[in-house]
Amino acid sequence: MLLGSVLNPVNSTIISVALVPIGRALGAPASQTAWLVSALYLATSLGQPVVGRLIDIFGPRRLFLISTALVGVAGVVGTLAPNLGVLIAARVLLGFGTCAGYPAAMALLRSEAERTGRDSPGGVLTALAVANQTIAVIGPLLGGLLIAAGGWRATFALNVPLAVAAVLLGLWRLPRPAGTGGAPRRGQSAARLDLPGMGLFAAMLVSLLLFLMNLHLRDGYLLVIAAVAAAAFTVRELRAATPFIDLRVLGGNTPLLATYGRALVAYVVAYAFLYGFSQWTEEGYGLTPFHAGLVQIPMFLVAIGVSLVSGRRRSVRGKLLLGAAGQIVACLLILTLTGGSPLWMLLLVALVFGVPQGLNNLALQNSVYFQADPERTASSAGLLRTFAYIGSMVASSATAASFGQRADTGGVHQLAWVMLGAGVLYLLLTVFDRTLGRTATADAPAAK
């Protein structure tokens, strides 16, 4: 569970310090290397709920093994890539390959709770959050070390041994029986999969994300396609006997919808910082990739500590409010930075960002576990990641628009204003969400 769920964050954090070296090696500006970020999240935002639904139906083992093997293939393609286009294709493969880890973990957790009759996953959910934070600590530093030792291609080659280890562990430890959904008969599979619904969902999401990647009026037709696909998807799902996403249930689940909305804006801030701040520390401030990775370590260490301390506490609203406040303070601090700022100021920004990094991830993850339909735990967890990745797309687009050809101080200040706006919206979504109190009450027995 832990190894599978961290394959995505390890690739997310390593690439944050590799963007500048890749751009220099391949002659690509920051606006083009941003596609290395967007490509992974485009594939993952589409793949997470689809693979999650497959896990709900067929169980986690088969999907986990297939997806994780694809991570190894992507590692080979990225290592040998001759140009930026092939490198982007490798990131797409990585996106699809890392889709199964997190939904499979949530599905296994739910099935184990049903098997034992004890639904008290606070410790395990905390372990998942801390594992992701730990990998995030190692990621930028490991990326800097790999680049120093073997160049940026080594950051892709790392996926090969990780994938081999994950596949071997999956073969050894994952239960063979289907997990949460049971094993359907062959004649029932296509109906339960709702392939037309998946296709319309893909058309809607891809069109929307392609528009977000490069905001421009000339690409407005993508929004039209997304709107038409969304309307057709809604009609299909409301009529389907076994819909891909049960809109009737989801529409009546206000707490879960609010959680998805918070995830979107929270990750706009988180990913804009992860990628935009990293690029600025290298190009605008003059740090090496290795030292840029070191600067981010305080953030992840604080996040781990915050997750461990708050992991078993029931209060979701308190975590979310403190996380929102931390984001706002950190964005205000970024607005004071210049190319001549002392190094301790960069470390202070990273330290402050560690608080929302630890609280928001944990609170959102716990919320989905308790708010989702138990029979759709994996697909609901996948949708959480989808909304998070839509936020990352907005962050990537804002980063590219703010920096243009070079990640300078003016650009990072412009990006900080975007982050600040998202942070304030996150705070408002939490303050005015009356369902949080009811959710905490419902969760109380499980947190004993």
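Arg173 lies over the face of Trp172, at 5.5 Å from the ring centre. Such a charge over a ring requires NZ of Lys or CZ of Arg within 6 Å of the ring centre and within 35 degrees of the ring normal. The model is predicted: local features need pLDDT of at least 70, side-chain atom pairs count only at pLDDT 80 or more, and totals for chains, interfaces and linings use all residues. Residues are numbered from 1 along each chain as its sequence is written, and side-chain values use heavy atoms, without hydrogens and water.

**Exercise 1.** Determine which residue lies over the face of Tyr102.

*Solution.* Arg385 does, and its distance from the ring centre is 3.8 Å.

**Exercise 2.** Explain why the pair Tyr260 and Phe387 is stacked.

*Solution.* 
1. Rings of Phe, Tyr and Trp (its six-membered ring) pair if their centres lie within 6.5 Å; planes under 30 degrees apart count as stacked, over 60 as edge-to-face and the rest as tilted.
2. The centres of Tyr260 and Phe387 are 4.9 Å apart and the planes stand at 5°, so this pair is stacked.
3. The two residues, 127 apart, belong to helix H13 (residues 254-284) for Tyr260 and helix H17 (residues 377-403) for Phe387.

**Exercise 3.** Classify Tyr260 and Phe387 as buried or partly exposed.

*Solution.* 
1. Buried means under 20% relative accessible area, exposed over 50%, and partly exposed in between (1.4 Å probe, protein chains only).
2. Tyr260, at 1%, is buried.
3. Phe387, at 25%, is partly exposed.

How values were computed
Helices (H or I, at least four residues) and strands (E, at least two) are DSSP runs, numbered from the N terminus.
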